[in-house]
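The sequence and the model are shown below.

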Amino acid sequence: MNTKSKGILSALLVILCAFSLVSCLLPQKSDEELIEERLNTFVDSFNSGDMDAVIGCFDKKSRNILQSAVNVGGSLLGKGLGFGVNMSDLFGLGIASAQPNGDVLSVTDRSVHVQSDTEATVDVTWTERYGKEETSVPAQFIMVKEGKDWYIKDAELKSNFVR
């Protein structure tokens, strides 16, 4: 190996070490912060009618099931009407028409409980608004960790909505 190659290799090693050191020193988000971010993304996506982003908030198994349901529903609806229909667009249209002046869903009074490195629950108050009507019930999100991030595995309302 010549001197120029050794110099380049040394410079690359120094840069790699510097990046490793910086990444170790940067503050890492806690599991609770990551879970809160996921719930915020879920609520914001739901309220904006972004079905793809809503589905993206769920764990891999749930995402596959939800995406299949959207694909099958869109396919059946499109064939039945004689033209292509995107279920995500219908979802957004439904949300927008249901609440033209604000959010449909809010999740407040959050209490995160991390059971293990890969499982957590979040107790919340789930509030839905339609026009002037508002209904709130206790609910629980079951969260799972995939890789370095948390996803919703399930959401369970603790009582039935009465409209």
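## Sheet

Two strands pair if DSSP finds at least two bridges between them; strands (E, at least two residues) and helices (H or I, at least four residues) are DSSP runs, numbered from the N terminus. This is a predicted model, in which local features need pLDDT of at least 70 and side-chain atom pairs count only at pLDDT 80 or more, while totals for chains, interfaces and linings use all residues. Residues are numbered from 1 along each chain as its sequence is written, and side-chain values use heavy atoms, with hydrogens and water left out.

An open sheet is formed by 4 strands in the order β1-β2-β3-β4, with antiparallel pairing. Its edge strands, β1 (105–114) and β4 (149–157), each pair on one side only. Strand β3 (residues 133–146) is joined to β4 by 8 bridges. Glutamine 140 has glutamate 156 in β4 as its bridge partner.

## Threonine 121

Strand β2 (residues 119–130) contains threonine 121. This residue is buried, at a relative accessible area of 13%; buried means under 20%, exposed over 50% and partly exposed in between (1.4 Å probe, protein chains only).

Threonine 121 lies 19 residues from glutamine 140 in sequence, and their C-alpha atoms are 6.6 Å apart in space. Beyond its neighbours within four places in sequence, threonine 121 is in contact with residues including Gln140, Phe141 and Ile142, where contact means heavy atoms within 4.5 Å.

## Isoleucine 8

Helix α1 (residues 3–25) holds isoleucine 8. With 47% relative accessibility, isoleucine 8 is partly exposed.
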